[in-house]
Structure formats: structure tokens, C-alpha cells
Amino acid sequence: MSTLKANLRDNLRADFTASLVVFLIAVPLSVGIAVASGVPVELGLVTGIVGGLLTGLLPGSSLQVSGPAAGLTVLVYEAVREYGLRALGVLVLTAGLLQVAMGLLKLGRWFRAISVAVVQGMLAGIGVVLIAGQLYALADADPPAGGLEKLGGLVTLLTDTLASGDAMAAVAVGAGTAAVLALWPRWRQAQRVVPGPLVAVALATAVVALLRLPVDRVQVRGIFDAIQPPGGGDFARLTEFGVLGTVLAFALIASAETLFSAAAVDRLHDGPHTDYDKELIAQGAGNTVCGVLGSLPMTAVIVRSSANVNAGARTKASRVLHGVWMLVFVTLLPWALELIPVAALAGVLVHAGWKLLPGRELGPLWRDHRGEVAVLLTTTTAIVVTNLFEGVIVGLLTAVVKAAWETSHVHIETVTRPDGVIHARVLGNANFLRLPRLLDELDALPRTGYGIELDLSGLRHMDRACRTALLGWAERNAAVRRGDENGDGEATGQVVAV
């Protein structure tokens, strides 16, 4: 009994310390993601609180921490701009119910079948659009709507910033914040004690206050004023095709990001591993409550989760406690948020977006799997040019075509028999993607005058297009032989489909 009490005491001490570390990371990230999403900052904190108090209690993953994530920032911003803030609750609530349904149907494991290149391309596309949008926030400027517009307006942003002293001051604050975030991990002892985002935002806030710099600060309305539960009229928007597409995008992307994060977190610790279906249900329950409160959608966040593990967390108590600390902070110290400069939060998100880009991975991937690089770049480009949902769909279709192309290996082996007949055996998987090349190889076979025997028994798979084309090729060549026998031409050989 004494040993059990000692273990419980040690676990509680470790979870308490880890919860404080996660809390200090979660506050600036939640506020920054809310600002980047175009919603009141309180809504990002509400999602973090729900992620801790509700999702943190539910089974699925023991050490993974949930909250608003940078991966959904672009999609949320576009949804709020297109349908309004009041519709956000309906979108998130419906996506949460869809996640619960997918979990109950045991579909969680299928998300592991999604091409890694598509996921990397999705994160890279999000990173590009996120960085482009936050460069405007660095200069206290309003960003354009779409990804291409953001990129296209950077030249104008640069000239306007250089002409404004206030904008240059904001850029200095944001760039300094990003620099601290990039350099802080090199000081390993300090990194273990104080998380980088807290240090970067605190330093930026202190500098702005001491120097009285003319930069924009976070606007706070109060948590209860910011919460806007959806009304009956808002649910009527679900009949719109675009709204349904956004709901599907929320559910699929949030689920994929969560379960990929779970796989990464499981590799960081030796405790119980994630039950994917239960984790999907837990995330769906959290998003359902977030939708009722009209707040941001949630996912499992790799930054908070890895910090939780590295801080020594042992049970799910750490993530629940981090939600308690966030609730206490929002209730008792909301005024502290108004001291934070917007440019500092933009610096945090620029750093977060940069980490989403697959820099070091591209070289080895290009050497070993160039087709994967094509899928990655196609997904990234499609997200920047269109939007997150359509870009991911394009990426998935590209991955499917790539897989179909790679699995359709087909070749022809030829053997000349003693009687002079050429035996041409087709091996592999024959589908319409390889049909033109296959027909070219058949047409290039030599005509010996003794005939060509076409053997299709070595094919593991042959789709209807290939079957029709190959049998047609055989009939046409057989017809030529019959014509030659009637004196209509020179004998070139016959074809027999075996």
C-alpha cells in the first residue's frame, strides 16, 4: 500500500509540473491561432480549456494534448470570412458529430492509410499560407483573402512597411519573437525549465511596454461575451453545398492531424499507446462541445503533446490540469492578454509555419522516392492556389494515380520456339494507364513469318480496357494473316490469345 501511495504521489508531482509547462505553451499558441483565424482571442482559449477538461478525461491517448492548432487556421479563416462567425459553431459541432460517428464505426485506423506525402504536402501548404498571412500581421496590416493573393501582395506589403515607422517597429517585435523561438532550444537547460513560446512572447511584451512602441495589441472582450452558441437559423446553413464541404474538411483534416500526432507521440514514451477509434470519439466529443460554445475546432497538437511528454508527464492528469490552469487564467487574469502585441503572436505563428515545411526531408525523399515528392509538391501547390479542402482532395487523387501507376508494372517476355513461332508472354498488372506502352511493345514485335503466340495467362490483373484492347489487337493481327493467305499481302504472322 505504501508503494502504491508513493507511486501516486510521484505521478501527481510529475503531472503537476508537466501541466504547468503545457499551460505556458498553450496560452500564447491558443491566442495566436485565434487571431490568425480571424476570431476573438477568447475562442482559442475556450477550445484549449475544452481540450483539457473534456477530451483530456476521455480514453484514447494518455499523454496527447488537444487544443486549437495551426493546421486548421487557414480553413477556419476562410470559413469565417465566407459564412460568418455565427456559422462557425455549426461547422465545428457537425464536424465533431461526424468524428464521433467515424470512431464508433471503427474508422480511426484507416487514417493511417493516408499517403504520408499527402500529409506532408498538406502541412507544407498550410505552412506557406500561414507564413504569408502572418507576414502581414507582423507589420500590423490586414492580409488579403486567398493564398495566392497573400503571396502576390508581399511586394506591396514590403514597400508600405519600409515607408512606415510604426510598421517597422511591429516587424522588429515579430522578427525578434521568431528569433528567440528559433534560438531558445539551443539553451537546453533553460528549455527544460521555461518553454520557448512563453519566453518569446513575454520578452516581446516587456520590450513593447518599456519602449512604448506604437504597435497593435490583443483585443479582449471577455470570455462570456465572446461565446456565441449557434441558433436554430444557423443550422439551416447545413443545406448549402459549400458548408457541407467545409464540415467534411474540418472532420477529415482534424482527424488525420490528430491520429498522425498520436502516432508520433506514441514513439516518445513507453506508456499505453493510443486507441485510434477511442481517440477519434474523444476528439469528436470535444469538437461537439466546442461547436455548442461557438469556438474554434480542436485537434491533438504535436507541440503541446511533445512538451507534455518531455516535461515528464505520466498520466492524463497533466492534460486535464493544463485545462484547469487555462480556465483560471481566463477567469482571473484576462487583462494580461491585452498587454500582448499582435506582432509577437504573428512571430510565434511564423515560426510554427516554418516548422511545417519539409526542409530536410526533401533531399532523401527526392533520391529514393521521387514520385512521393511529386505528390507532396502537387498537394502544397493546390492548397496555395485553391484552399485547404480542395488541395487535399487533389493530393489524394494524385497519390491514388501514383499508386495505380506504380502497381501497374507490366512487361512482355518473348521466346522463339524451335518451330519459329514467337511466344510473347505478358506479365504483371495490366490497366489502362500502361495500355499505350503495352500496345507499342506488341506492335514492335518482329514478324518472322512463323507466327506470334500471345499469352495472357501471366497477368495477375487485367482491367476491362486492357482485355478489350489486347483481344482486339489479336483479332486484327489474325485478320492480317488470313488476308495474306488469300493472296492479299505478304505473310507476316498470326496472333493467338492463350
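A: Start with helix α4 (residues 88-104) and helix α13 (residues 241-266): their axes come within 8 Å and cross at roughly 55°. This is a predicted model, where local features need pLDDT of at least 70, side-chain atom pairs count only at pLDDT 80 or more, and totals for chains, interfaces and linings use all residues. Residues are numbered from 1 along each chain as its sequence is written, and side-chain values use heavy atoms, with hydrogens and water left out.

Q: What counts as a helix, and what is an axis here?
A: Helices (H or I, at least four residues) are DSSP runs, numbered from the N terminus. Axes are lines fitted to C-alpha atoms, for helices over the stretch in contact, and angles run from 0 to 180 degrees between N-to-C directions.

Q: ok, so how are α4 and α13 oriented to each other?
A: They are oblique. Angles under 35 degrees count as roughly parallel, over 145 as roughly antiparallel, 65 to 115 as roughly perpendicular and the rest as oblique.

Q: Which residues of α4 meet α13?
A: On the α4 side, L88, L91, V92, T94, A95, L98, Q99 and M102. Their partners in α13 include V243, F250 and S255. Contact means heavy atoms within 4.5 Å.

Q: And how many are nonpolar, polar or charged in the contact of α4 with α13?
A: There are 13 nonpolar, four polar and no charged residues. Ala, Val, Leu, Ile, Met, Phe, Trp, Tyr, Cys and Pro count as nonpolar, Asp, Glu, Lys and Arg as charged, and the others, Gly among them, as polar.

Q: What about α3 and α13, at what angle do they pack?
A: Helix α3 (residues 73-83) packs against α13 at about 160°, with the axes 11 Å apart. The two are therefore roughly antiparallel.

Q: Which residues of α3 make that contact?
A: L75, V76, A79 and Y83, facing residues of α13 that include G242 and I253. By class, the contact of α3 with α13 has eight nonpolar, two polar and no charged residues.

Q: New topic. How many aromatic pairs are there?
A: Three. Rings of Phe, Tyr and Trp (its six-membered ring) pair if their centres lie within 6.5 Å; planes under 30 degrees apart count as stacked, over 60 as edge-to-face and the rest as tilted. One of the pairs is F23 with F329, edge-to-face at 6.1 Å centre to centre and 65° between the planes.

Q: Which parts does that pair tie together?
A: F23 lies in helix α1 (residues 2-37) and F329 in helix α16 (residues 317-332), so the pair links parts 306 residues apart in sequence.

Q: Are F23 and F329 buried or exposed?
A: Both F23 and F329 are buried. Buried means under 20% relative accessible area, exposed over 50%, partly exposed in between (1.4 Å probe, protein chains only).
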